[in-house]
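Welcome, and thanks for taking a look at this one with me. Here is the structure I had in mind.

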Amino acid sequence: CSSEYLAENAELFSKAACVLLQLEIPLESVCSAIRQAKTLGKLVILNPAPARQDIPEDLFPLLDVITPNETELSVLTGGPAGTVEEIEQSAKLLLYKGVRNVVVTLGARGSLIVNQNGALLVPARKVSAVDTTGAGDTFTGYFIAAVIEGRSIQEALRMAAKASSIAVSRPGATPSIPRADEVKKELGML
């Protein structure tokens, strides 16, 4: 997934509602995709996994949402990420760099959204975990889908938390991902 490949497929960016990136492709490609998406006015979300410290500073103001877990947050900021208070303070360092919304996934503790309006902890539902493979991807996918649907970030986080709690209670990665109607029914939205 080179910058050249992205340029050759530029029309896909214009058709996208948002652009979600992670750091498993070359950093140069991530940077190119973020800049391309922002030029088109797209919602840009970065899941900074695997975490790295060399993300160019000029990219942070282009991010609408960044979704690190505690470890990734600590790598990105150099700050502590143990208690919820420490996590909030470290997340604020990303706000100072220009990110609009920092959503820190906290596993069994839930997730924490930090933005200019403050911080909100969205607790996770208590479940007996069978397989946590794919839980983060389920969370991110549901979060983005809800935001694209026009839901508030808080409501999107509730949906994402519910979906990932269902996913971890089942075996497998892809087979464990719940259908949207199942999540909405669990939340009393149907």
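Below are a few numbered points, going from the whole chain to one residue.

1. Please keep in mind that this is a predicted model. The protein chain holds 8 helices and 6 strands. If you follow the sequence, these elements come in the pattern α-α-β-α-β-β-α-α-β-β-β-α-α-α.

2. On overall size, the C-alpha trace spans about 45 × 35 × 30 Å along its principal axes. The radius of gyration of the protein chain is 16 Å, which agrees with the value near 16 Å for a compact globule of 190 residues.

3. How much of the chain is buried? Buried residues make up 44% of the 190 residues. Among contacts in the protein chain with a separation of 6 or more, 55% join residues 24 or more positions apart.

4. Finally, have a look at Leu 190, in the segment after α8 (180-186). Is Leu 190 buried or exposed? Its relative accessibility is 70%, so Leu 190 counts as exposed, the cut-off being over 50%.

5. Leu 190 still has neighbours: leaving aside residues up to four places away in sequence, Leu 190 touches Asp 181, Lys 184 and Lys 185. By contrast, Leu 93 lies 97 residues away along the chain, and the C-alpha atoms of Leu 93 and Leu 190 are separated by 39 Å.

Definitions and conventions: Residues numbered from 1 in each chain as written. Predicted model: local features only at pLDDT ≥ 70, side-chain atom pairs only at ≥ 80, totals over all residues. Heavy atoms only, no water. Helix = DSSP H or I, 4+ residues; strand = E, 2+ residues; numbered from the N terminus. Buried < 20%, exposed > 50% of the residue type's maximum accessible area, 1.4 Å probe, protein only. Contact = heavy atoms within 4.5 Å. Rg over C-alpha atoms; globule rule 2.2 N^0.38 Å.
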